[in-house]
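Hello,

Here is the model I promised to pass on. Please have a look at it before reading my notes.

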Amino acid sequence: MDWYPLINSIRISLLASIVTFLLGIAAAYLLRNKSPLTKAIADCTLTLPLVLPPTVVGFFLLSVLSPKSALGGFIYRTFNVKIVMTWPASILAVAIVTFPLMYRTARASFEGFDKGLYDAGRTIGLSNWQIFKYIMLPCCWKGISAGFVLSFARGLGEYGATSMVSGYTPGRTATVSTTVYQLWREGNDAMAYKWVLVNVIISFAALLLLNYLERKDYR
């Protein structure tokens, strides 16, 4: 059994989760004190990939990054780098699809943060960055960690966007999801079920970790 699809799926999901972790925290922190109208507009914009079909996200990325597009063509002519139909393209696709999960989880954690602790930090002369680093993050860490795990689990099973921007090439761009689809097309149901089982086990383990973090945060 070739384990490349699993290794590639974990690699893509992990790297994408790191991207969404950093960007999600930054966006949630910057928007926490904005006006209700600004927050409403930002929420709708940043959460849009959560409700869009993943294939729409994939189509958008193809339109922007393919060698026939303006941006993709410029990158290809200048650096001789083709972004689409490579496994790194899946990182971008998964990051966009899972970003709303990380953002909304981080936002909820920051909104539940005791503002009295923030004010206390200001009274002892801490800067905004020091308050964020030494007070807010430790207090909100459990919720933020849960968002990371949830984003990773979601990214691990992503198919629509990744299949459009990376396709299916054994040993190069294959993931667990695209491998299951390809095996189904070939009529190899027995092997497809094995990959489905692998995906279910990993996703179940991630959800157990998520529930543990949520219970620990609640306590």
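Predicted model: local features only at pLDDT ≥ 70, side-chain atom pairs only at ≥ 80, totals over all residues.

Residues are numbered from 1 along each chain as its sequence is written, and side-chain values use heavy atoms, leaving out hydrogens and water.

The helix pair first. Helix α3 (residues 54–65) packs with helix α5 (residues 87–111) at an angle of about 135°, their axes lying 10 Å apart. Helices here are DSSP runs (H or I, at least four residues), numbered from the N terminus. Axes are lines fitted to C-alpha atoms over the stretch in contact, with angles from 0 to 180 degrees between N-to-C directions. In the contact (heavy atoms within 4.5 Å), Val57, Leu61 and Leu65 of α3 meet Leu92, Ala93, Ile96 and Val97 of α5. These contact residues divide into seven nonpolar, no polar and no charged.

Now the pocket. On a 1 Å grid over the protein atoms alone, a pocket is an open set of points where a 1.4 Å probe fits, with protein on both sides within 12 Å along at least five of seven lines; lining residues have an atom within 4 Å of a point. The lining of the largest pocket includes Arg32, Lys39, Phe110 and Tyr118. Its largest share, three residues, comes from α6.

Best wishes

Terms used: Helix = DSSP H or I, 4+ residues; strand = E, 2+ residues; numbered from the N terminus. Nonpolar A, V, L, I, M, F, W, Y, C, P; charged D, E, K, R; others polar.
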